[in-house]
Amino acid sequence: MRLRRKKNTPIRFERCADYTLKTEGLKERFYQEFDSEKPLEMEIGSGKGRFIVTLAEQAPEKQFISIERVIDCIVMAMEKAQRKELKNIKFFCLDAGELTEYFPAECADVIYLNFSDPWPKARYAKRRLTHRRMVEKFLPLLKEEGKICFKTDNRPLFDFSVEEFTEMGFRLEELTYDLHSTDTPNVMTEYEERFSSMGTPINRFVAYPTEATYKFFEQ
Ligand SMILES: C[S@@+](CC[C@H](N)C(=O)[O-])C[C@H]1O[C@@H](n2cnc3c(N)ncnc32)[C@H](O)[C@@H]1O
């Protein structure tokens with residue numbers, strides 16, 4: 001699913017086309033495009049890309065993938081990477097629900113979910129990226145020893161996610177209701193900057209799949 005498109009987006013997208021790859025056949029040629037020896041980190045719902053582009057800049061020895069379903073946003077992220085002439089990041093305008101069509105199993109060491117849309121109404125809960133039905137769709141991409149890092153300003157979404165990940169059998173570590181008061185190294189996202197400047201505390205956990213997680217999804 002691709003949403004919204006400003007008039008000049010296709011031209012801007014074309015100008016930074018080096019920062020994406022054809023999704024056709026990507027799963028089969030993934031390790032021609034990416035180095036299997038290097039760590040690979042992926043953000044789902046990157047928005048305008050400040051977080052993942054900064055990580056890529058800070059860690060040239062790693063590879064990064066940004067997933068965002070709104071093309072107007074991902075173009076801005078691609079332009080950021082282009083301005084910095086980064087060589088270790090690619091962007092894909094895709095929905096989280098379709099990732100296993102394009103990426104091979106167990107390709108990612110880390111999956112980041114930052115300030116995911118909260119979908120506060122119960123009837124839309126299944127659209128939350130931390131809902132089990134969504135996690136089931138992208139979990140196959142994560143290496144067994146990998147981790148999912150989640151942060152949000154939204155306390156109800158955070159509480160829901162803690163419960164949901166616990167029920168899915170993940171082991172939760174580094175759980176905090178006030179990330180900025182800890183000494184955890186942190187790269188701010190666009191949303192994080194906005195909410196923390198208004199005094200909203202940032203919640204975060206790191207989730208590790210366990211045997212119970214894989215059993216949970218076998219059912
Ligand atoms: C609230 S914004 C946060 C953006 C950024 N992570 C930040 O912290 O500044 C959530 C982003 O996730 C994207 N998103 C939501 N659901 C998605 C999905 N199913 N697949 C891909 N992207 C999604 C939205 O388009 C939006 O850009």
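**Notebook: helices, sheet, core and ligand shell**

I began with helix H3 (residues 50-58), where I found Arg50, Phe51, Ile52, Val53 and Ala56 to be buried. I note at the outset that the model is predicted. I then looked up what the buried residues of H3 pack against: strand E1 (40-44), strand E2 (63-67), H4, E3, strand E4 (108-114) and H7.

**Entry on the sheet**

I next traced the order of the strands. The open sheet is formed by 7 strands, in the order E3-E2-E1-E4-E5-E7-E6, and its pairing is mixed. Strand E3 (89-92) and strand E6 (171-176) are the edge strands, each pairing on one side only. On average, neighbouring strands of this sheet are turned by 15° against each other, with direction ignored.

Strand E5 (residues 142-152) pairs with E7 over 5 bridges, in the antiparallel sense. Which residue of E7 is the bridge partner of Ile148? I found that the partner is Ala207.

Helix H6 (residues 155-167) lies across E5, E6 and E7, and runs at about 15° to E7.

**Entry on the nonpolar core**

I looked up the largest nonpolar core, which has 44 residues. Within this core, Ala77, Ile111 and Leu141 touch the most other members. Helix H4 (residues 71-83) gives the most to the core, with 7 residues. As background, I noted that nonpolar side chains tend to be buried together in soluble globular proteins.

I then listed the contacts of Leu141. Not counting residues up to four places away in sequence, Leu141 touches Leu99, Thr100, Phe103, Ala105, Cys107, Ala108 and Ile111.

**Entry on the ligand**

How many residues surround the ligand? I recorded 20, of which the closest are Gly45, Gly47, Phe115, Thr189 and Tyr191. H7 gives the most to this shell, with 3 residues. By class, the shell has 7 nonpolar, 7 polar and 6 charged residues.

Glu85 has a phi near 55°, a positive value in a residue other than glycine. Glu85 is placed in the loop between H4 and E3. Is Glu85 buried or exposed? I classed Glu85 as exposed because 7 other C-beta atoms lie within 10 Å, and a residue with 12 or fewer is exposed.

Glu174 also has a positive phi, near 55°, and is a residue other than glycine. Glu174 lies in strand E6. With 13 C-beta neighbours inside 10 Å, Glu174 therefore counts as partly exposed.

**Entry on Pro201**

Lastly I located Pro201, which sits in the loop between helix H7 (190-197) and strand E7 (203-208).

Leaving aside its neighbours within four places in sequence, Pro201 is in contact with Tyr177 and Asp178. Pro201 and Leu179 are 22 residues apart along the chain, and I recorded a separation of 7.2 Å between their C-alpha atoms.

Technical notes: Residues are numbered from 1 along each chain as its sequence is written. This is a predicted model: local features need pLDDT of at least 70, side-chain atom pairs count only at pLDDT 80 or more; totals for chains, interfaces and linings use all residues. A nonpolar core is a set of buried Ala, Val, Leu, Ile, Met, Phe, Trp, Tyr and Cys residues joined through C-beta atoms within 7 Å. A residue is buried if 20 or more other C-beta atoms lie within 10 Å of its own, exposed if 12 or fewer, and partly exposed in between; C-beta atoms are placed from the backbone. Helices (H or I, at least four residues) and strands (E, at least two) are DSSP runs, numbered from the N terminus. Two residues are in contact if their C-beta atoms, placed from the backbone, lie within 7 Å. A residue is near a molecule or strand if its C-beta atom, placed from the backbone, lies within 6 Å of it. Ala, Val, Leu, Ile, Met, Phe, Trp, Tyr, Cys and Pro count as nonpolar, Asp, Glu, Lys and Arg as charged, and the others, Gly among them, as polar. Two strands pair if DSSP finds at least two bridges between them. Axes are lines fitted to C-alpha atoms, for helices over the stretch in contact, and angles run from 0 to 180 degrees between N-to-C directions.
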